[in-house]
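Subject: Structure for you to look at

Dear colleague,

Here is the structure I promised to pass on, with my notes below it. Please keep it open while you read.

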Amino acid sequence: MLIDVTLPQLGESVSEGTISKWLVREGDVVAKDQPIVSIATDKADTELTATAAGRIAKLLVAEGQVVPVKTLIAQIDDRARSSASLSEAPGAPVSIPAAANVPAPDGAIAPRPAAASAPASDGAIAPGRSVMGGPLATPVARKTALENDVDLEHVLGTGERGRVTKDDVMRAAGASGPAGSNPLGAPPRSSAPPPPAIEPPPPPRATPKTTQLAQAINLGGGFVPPIPGVGFGAFKVPAYKPSDGDKVVPFTRRRRITADHMTYSKFASPHVVTVAEVDLHRASKLRDANKERYKAEGMSLTMLAFVVVATARALRENSQVNARVIDDAYVILHDVNLGVAVDSPDGLVVPVVRRADELGVRGIVRAIDDVAKRAKAGKITIDDLSGATFSVSNPGLKGNLFGGAIINQPNVGILRMGEIQKRVVVVEAEGEDQIAIHPLMYMALSYDHRVVDGVAANSFLWRVTEILEKAEFEV
């Protein structure tokens, strides 16, 4: 009996994965729960294990290929216990299909492949196609297509893996003009040939990926953003000219994911930054009085813990900042799950402290210590990195005055701590103003102005400041 091995849901926000490396070959005998393939996602890397004991009958996806969750990637014959049960002997060369390749001249996105009645026999899935061979589209896009009499076969998707989105359908529905052409490359809806047109000047040369990014962000308002590494309008990025001593450092997979995420976030979310100055005099005294006791228990009582506790409380009281944007609406999230940026061997990661508003200082310290140690040891999991509703960024000991962080999508806000410095302040004592030296810190809130307005953002940041300055924490 052939048992299907599919790509599982590797985290609530993970929709696809990359086959990093096959750990077995066709014909190999495997035990149940034995690792057979390494999967890379935008969250973390993980190993997928065999669901049953048997012999690897077929590997259906090539190394390096990106596939959606629930995709069939391999088959195991649980009846095969010897080489006689399979036509291929153990150790035979692996037969893995090549990833689909759709050429696109001069950086233009190639048209969608023709529909197939069933998936390809070799198991490969073409970009923009579902496992059943039809167009890959969101439910909202399919509904919009029906309402506007748009054939999805003639719409080029700009979503992940060529998925057709609602905006793609709306652009296709409104594309019938004097020339009867589709700006995304779909065939004309009229059989009459279009009238001659003046040849426009050639656009900047772009890769299919950057062109797709630009089209994906064009939400129908006529604005096409600059293409990274290419330019915009009359401006072109100058070509790199090697010079002695230069060192070219290729992007790692993690750095590429981070770069794409940050670029998308800056285009998708209109960032606004507001800054508050926090007097940490009382919080610092509380920390100094208790840090040795925490150290004796193997934990570090840092100012980050107080900031996380204050942030969680303020989010519970100002829920507008604890939200995410969906198609034509936004969701105010019930749980307060805080992503806390920590360093790891592969770069910065943001593990999640779940239901942080239900934890006190001790619970927050324990949770941060746990995820930080596992991140530095390279043992962080996808579940640890999934589900954040808001993020806190700490620049560490070598920080700076303050900085506006880029929002961690799909959140609508991120709070960045600044450097703690002792400065002269004016305080009131016994009804009189006095000069004192207190530890101060700037905190910068970056928020998504699509959902969060200035009143809500200022109220949230003001409340975080108030909680920290009062320092009424149970430690």
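Val-340 has Val-392 in strand β16 as its bridge partner, and this belongs to the parallel pairing of strand β14 (residues 338-340) with β16, which extends over three bridges. Strands here are DSSP runs of E with at least two residues, helices are runs of H or I with at least four residues, both numbered from the N terminus, and two strands pair if DSSP finds at least two bridges between them. Please bear in mind that this is a predicted model, in which local features need pLDDT of at least 70 and side-chain atom pairs count only at pLDDT 80 or more, while totals for chains, interfaces and linings use all residues. Residues are numbered from 1 along each chain as its sequence is written, and side-chain values use heavy atoms, with hydrogens and water left out.

Strand β16 is also joined by three bridges to strand β17 (residues 413-417), and these two run parallel; here Ser-391 stands opposite Ile-414 of β17. In a regular strand the side chains alternate between the two faces of the sheet. Both faces of β16 are covered, with Phe-390 and Val-392 buried on one side and Ser-391 and Ser-393 buried on the other, where buried means under 20% relative accessible area, exposed over 50% and partly exposed in between, with a 1.4 Å probe and protein chains only. In the loop between β16 and β17 lies Pro-410, which a cis peptide bond joins to Gln-409, with omega at about 5°.

The structure holds three aromatic pairs. In one of them, the ring centres of Phe-390 and Phe-460 are 5.4 Å apart and the planes stand at 65°, so the pair is edge-to-face; rings of Phe, Tyr and Trp (its six-membered ring) pair if their centres lie within 6.5 Å, with planes under 30 degrees apart counted as stacked, over 60 as edge-to-face and the rest as tilted. This pair links distant parts of the chain, since Phe-390 is in β16 (residues 390-393) and Phe-460 is in helix α8 (residues 454-470), 70 residues apart.

Helix α7 (residues 361-376) has 16 residues and reaches 22 Å from its first C-alpha to its last, close to the 22 Å expected, a span taken as 1.5 Å times one less than the number of residues. Among its buried residues are Ile-364, Val-365, Ile-368 and Val-371, and what covers the buried residues of α7 includes α5 (281-296), α6 (303-317) and β15 (352-353), judged by contact, that is, heavy atoms within 4.5 Å. Just after the helix, Gly-378 takes a positive phi of about 75°.

Elsewhere, an open sheet of four strands has the order β1-β8-β6-β3 with antiparallel pairing, and its edge strands, β1 (2-6) and β3 (29-30), each pair on one side only. Four bridges join β6 (residues 54-59) to β8 (residues 72-77), and Arg-55 has Asp-77 in β8 as its bridge partner.

Finally, most residues other than glycine have a negative phi. Lys-70 has a positive phi near 75° and is found in the loop between β7 (66-68) and β8, where it is exposed, with a relative accessible area of 57%. Asp-149 has a positive phi near 55°, lies in the loop between α1 (139-147) and α2 (166-173), and is exposed, with a relative accessible area of 61%.
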